[in-house]
Amino acid sequence: MAKLNIIHVPDPMLRTISDPVEEVNDAVRRTLDDMVETMYAAPGIGLAAIQVGIPRRMLVIDTEGDETSPKPKFLINPEVVWESDDYSVYNEGCLSVPEHYAEVERPATVRIRYVDYNGKQVEEEMDGLMATCAQHEIDHLNGVVFIDHLSKLKRNMIVKKLMKASKDVEIL
């Protein structure tokens, strides 16, 4: 497996709407395996393919395990088919927006239809952190980053800090 490079805001690639995966084959599974390794190494609990520069509708999440005891979920072509009227707020972070966190309100429970690692169609109801994480990663597949859910002022402050940090790194 290979660790992939995670791209950061304001990279325009993060605004790309990802294309569907036509067929679950060995190449797709290798990419998913590399994504899981990258997610655990970061460390994080979710990673969309677009975050590693691959504009395909696939993501990995693991809100229950860790690198030593992994319990990853592989979601290919995921779509929210139902969401609850109840909302919850989580202090979200993102591997593409390093070291920045903010409270985001999302539906508390969702039903998601997706294709799994083996190409099987699945429909699953998720709640709690799993629901939040899945919605966050599906947003990525649609060109949306969690800071888009914030006020324009907060979003601009975060983007300016990230741009300054990346310039400081280039100078070193």
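Strand S3 (residues 73-83) and strand S6 run antiparallel and are joined by five bridges. Strands (E, at least two residues) and helices (H or I, at least four residues) are DSSP runs, numbered from the N terminus. Two strands count as paired if DSSP finds at least two bridges between them. In general, the strands of a sheet pair through backbone hydrogen bonds, in either a parallel or an antiparallel manner.

This is a predicted model, in which local features need pLDDT of at least 70 and side-chain atom pairs count only at pLDDT 80 or more, while totals for chains, interfaces and linings use all residues. Residues are numbered from 1 along each chain as its sequence is written, and side-chain values use heavy atoms, with hydrogens and water left out.

## The sheet and its helices

The open sheet has five strands in the order S1-S2-S3-S6-S7, and the pairing is antiparallel. S1 and S7 are the edge strands, each pairing on one side only. On average, neighbouring strands of this sheet are turned by 40 degrees against each other, direction ignored. Such angles run from 0 to 180 degrees between N-to-C directions, and the axes are lines fitted to C-alpha atoms, for helices over the stretch in contact.

S2 and S3 run antiparallel and are joined by four bridges; the bridge partner of Ile61 in S3 is Lys73. Helix H1 (residues 26-41) packs on the sheet, where it touches S1, S2 and S3, and its direction makes about 40 degrees with that of S2. Helix H2 (residues 128-141) also packs on the sheet, touching S1, S2, S3, S6 and S7, with a direction at about 155 degrees to that of S2. Touching, or contact, means heavy atoms within 4.5 Å.

Is strand S6 enclosed or open? Five of the seven residues of S6 (residues 109-115) are buried, so this strand is largely enclosed by the rest of the structure.

Because Phe74 lies in S3 and Tyr117 in the loop between S6 and S7, the pair ties together parts that are 43 residues apart in sequence.

## Accessibility of selected residues

Buried means under 20% relative accessible area, exposed over 50%, and partly exposed in between (1.4 Å probe, protein chains only).

| Residue | Class | Relative accessible area |
|---|---|---|
| Thr38 | buried | 1% |
| Arg106 | buried | 4% |
| Cys133 | buried | 5% |
| Cys94 | buried | 10% |
| Phe74 | buried | 15% |
| Tyr117 | partly exposed | 22% |
| Ile54 | partly exposed | 24% |

## Surroundings of individual residues

Thr38 is found in helix H1. The side chain of Thr38 reaches the backbone nitrogen of Leu4 at 2.8 Å and the backbone oxygen of Asp34 at 2.8 Å. Apart from neighbours within four places in sequence, Thr38 is in contact with residues including Ala2, Ile6, Leu47 and Val52.

Arg106 belongs to strand S5 (residues 97-107). Its side chain makes a polar contact of 2.7 Å with the side chain of Glu92. A polar contact is a pair of N or O atoms within 3.5 Å; within protein, one must be able to donate a hydrogen and the other to accept it, and residues adjacent in sequence count only if both atoms are side-chain atoms.

Ile54 lies in the loop between strand S1 (46-48) and strand S2 (58-61). Not counting residues up to four places away in sequence, Ile54 touches Thr31 and Ala49.

How many disulfides does a search of the whole structure find? The search finds zero, where a disulfide is a pair of cysteine sulfur atoms within 2.5 Å. The sulfur of Cys94 is 10.0 Å from the closest cysteine sulfur, that of Cys133, which is too far for a bond.
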